[in-house]
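Here is a short report for a reader meeting this structure for the first time. Take a look at the sequence and the model, then read on.

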Amino acid sequence: MSVRPRTLYFGIAWGLVAIMTAVLAYAVIGTRAPDQKTGVAIGGPFTLEGAGGKPVTDKDLAGKPFAIFFGYTHCPDVCPTTLAEMDAARDELGDLATGFTVVFVSVDYERDTPDSLQSYVGSFKYPVIGLTGTKEQIEAIGKEYRVYYEKIPGEDGDYTMNHTASVYLMDGKGRFKGTVNYNEDHDNVVAKLKRLAENG
């Protein structure tokens, strides 16, 4: 039985649509590896402010694995503890300590200026890229990385920030590779960062 030309035409057309859809989907999410537990893609494009207010984008981090953490400079416990743990882990990595970048993104866009943020990250032993931004910029990167943060009012106009306490581990192509959890066993942290540096 012969196939009508019109039927054949529509079959080819729909086939091309399916191929183009697949290509577009890969272009959009192909570099955003999903969390194996949730299946949700983590990571993506962003534009923030670094030292001196200089724009920093995800493209500036491309080519080298990085560990990215979201917090704020007035944080009383989680943030300094986490960054100190990253220092302690890098002490044990030898040459691999420079095999990845550590990034600290402030979710406190009201108080953390580029200058105050650089002063804060500069107090740690190893280099940390400190990034901040406008309300809209922080909201945008928060959505890309599935980060939770919330302003908690205190007394006399003061406030604290609740926020995700995990460090996100990303490879040199910006793909999610895992997390370092708050107060995770030190040996586990060292092993994860070593693997990130070696395989990034």
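What share of the 200 residues of the protein chain counts as buried? The figure is 39%. Keep in mind that this is a predicted model.

**Overall layout**

The protein chain holds 5 helices and 9 strands. Along the sequence, their order is α-β-β-β-α-β-α-β-α-β-β-β-β-α.

**Helix α5**

Helix α5 covers residues 186–199, which is 14 residues. From first C-alpha to last, α5 spans 20 Å, close to the 20 Å expected at 1.5 Å a residue.

Which residues of α5 are buried? They are Val189, Val190, Leu193, Leu196 and Ala197. Viewed down the axis of α5, these buried residues fall within an arc of 130°, so they line one face of the helix. Their packing partners are β3 (66–71), α2 (78–91), β8 (167–170) and β9 (176–180). The face turned away from the buried side carries Asp187 and Asn199, both exposed.

Asp187 also takes part in a contact at the start of α5. There, a side-chain oxygen of Asp185 comes to within 3.1 Å of the backbone nitrogen of Asp187.

**Aromatic rings**

The count of aromatic pairs comes to 7. One of them joins Phe104 and Tyr120. This pair is tilted, with 5.6 Å centre to centre and 35° between the planes. Where do the two residues sit? Phe104 lies in strand β4 (residues 101–106) and Tyr120 in helix α3 (residues 114–121), so the pair ties together parts that are 16 residues apart in sequence. Are Phe104 and Tyr120 buried or exposed? Both are buried. They also belong to a cluster: ring pairs link Phe69, Phe104, Tyr120 and Phe124.

The distances are listed below.

**In brief**

Helix α5 has buried residues that line one face, with exposed Asp187 and Asn199 on the face turned away. Phe104 and Tyr120 pair between β4 and α3.

Technical notes:
Residues numbered from 1 in each chain as written. Predicted model: local features only at pLDDT ≥ 70, side-chain atom pairs only at ≥ 80, totals over all residues. Heavy atoms only, no water. Helix = DSSP H or I, 4+ residues; strand = E, 2+ residues; numbered from the N terminus. Expected span 1.5 Å × (residues − 1). Buried < 20%, exposed > 50% of the residue type's maximum accessible area, 1.4 Å probe, protein only. Arc of directions from axis to C-beta. Contact = heavy atoms within 4.5 Å. Polar contact = N/O pair within 3.5 Å; in protein donor to acceptor, adjacent residues only side chain to side chain. Phe/Tyr/Trp six-rings, centres within 6.5 Å; stacked < 30°, edge-to-face > 60°.
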